Amino acid sequence: MDQEQQVRLNFLDEAHDCYDAIETALLELRSSDDITQQLDLALRSAHSVKGGGGMMGFNALSKVAHRLEDFFKILRVRHPSTTITTEIETLLLQGVDRLRQVNELHRQGTDIDNEWLEENVNPIFEHLRDHLGDLQEEDENTLFSQNADNDEPVWLMFEEG
């Protein structure tokens, strides 16, 4: 195995820490006193997988992480903890399960095409969209402004640079 392939496989191994972090944050959302902190953790983890997956050429993984990240942004900006129903929590956890599945398919060298994503991933995100709507530009702007005064603003992770 060449060094580049080993680095790519190491990324897939390390991405499991992000999946675990997202899952833990989701499971604590409805009982947490600080939903913002939990959503920020999920956002950072999904963002890390999205960016790392893209850099490593794991495009399907990056795409799924990006869609999940968008729903975390929507929750962060528009929905208080009282609207995070069991159904929404379950759908988000199913999204994490799909991240894990895509990770494993990449590890096996399996091609993940749009048809597979359409059949196995998109139904989860369509149901989430039915509940939460689509991410809007004003949501991103609100997210940036909400975090402008924090010591570690979440919006910094979205800056190019």
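The questions below cover aromatic pairs, salt bridges and surface charge in this predicted model.

User: Which parts of the chain does the pair of Phe-11 and Phe-58 tie together?

Analyst: The structure holds two aromatic pairs. In one of them, Phe-11 and Phe-58 are stacked, 6.2 Å centre to centre with 15 degrees between the planes. Both residues are buried. Phe-58 sits in the loop between helix H2 (35–56) and helix H3 (59–78) and Phe-11 in helix H1 (residues 3–29), so the pair ties together parts 47 residues apart in sequence: helix H1 and the H2–H3 loop.

User: Why is the pair of Phe-71 and Phe-125 classed as it is?

Analyst: The ring centres of Phe-71 and Phe-125 are 5.8 Å apart, and their planes stand at 15 degrees. Planes under 30 degrees apart count as stacked. The pair is therefore stacked.

User: Is Phe-125 buried or exposed?

Analyst: Phe-125 lies in helix H6 (residues 122–132), and its partner Phe-71 in helix H3. Phe-71 has a relative accessible area of 6%, so it is buried. The cut-off for buried is under 20%. At 1% relative accessibility, Phe-125 is buried.

User: Which residues are linked with Asp-20 in a network of salt bridges?

Analyst: A search of the whole structure finds eight salt bridges. One of them joins the side chains of Asp-20 and Arg-100 at 3.0 Å, N to O. That pair links helix H1 to helix H4 (residues 86–108), 80 residues apart. The network with Asp-20 takes in Glu-23 and Arg-100.

User: Are Asp-40 and Arg-76 buried or exposed?

Analyst: Asp-40 and Arg-76 form a salt bridge, with the closest N and O atoms 2.6 Å apart. The pair links distant parts of the chain, Asp-40 in helix H2 and Arg-76 in helix H3, 36 residues apart. Both are buried.

User: What separates Glu-126 and Arg-129 along helix H6?

Analyst: The side chains of Glu-126 and Arg-129 meet in a salt bridge of 2.9 Å, N to O. Glu-126 is partly exposed at 30% relative accessible area, and Arg-129 is partly exposed at 35%. The two residues are three apart in helix H6, so they are separated by about one helical turn.

User: Which residues form a negative surface patch?

Analyst: Glu-115 is one member, and it lies in helix H5 (residues 114–120). Its relative accessible area is 61%, so Glu-115 is exposed. The patch is formed by Asp-111, Asp-113, Glu-115 and Glu-119.

Terms used
Residues are numbered from 1 along each chain as its sequence is written. This is a predicted model: local features need pLDDT of at least 70, side-chain atom pairs count only at pLDDT 80 or more; totals for chains, interfaces and linings use all residues. Side-chain values use heavy atoms; hydrogens and water are left out. Patches are made of residues with over 30% relative accessible area and no salt bridge: like charges are joined within 9 Å, nonpolar side chains (Val, Leu, Ile, Met, Phe, Trp, Tyr) within 5 Å. Accessible areas come from the Shrake-Rupley method with a 1.4 Å probe; for residues, only the protein chains shown count as cover. A salt bridge is a side-chain nitrogen of Lys or Arg within 4 Å of a carboxyl oxygen of Asp or Glu. Lys and Arg count as positive and Asp and Glu as negative; His and the chain ends are not counted. The place of a charge is taken as NZ of Lys, CZ of Arg, CG of Asp or CD of Glu. Helices (H or I, at least four residues) and strands (E, at least two) are DSSP runs, numbered from the N terminus. Buried means under 20% relative accessible area, exposed over 50%, partly exposed in between (1.4 Å probe, protein chains only). Rings of Phe, Tyr and Trp (its six-membered ring) pair if their centres lie within 6.5 Å; planes under 30 degrees apart count as stacked, over 60 as edge-to-face and the rest as tilted.
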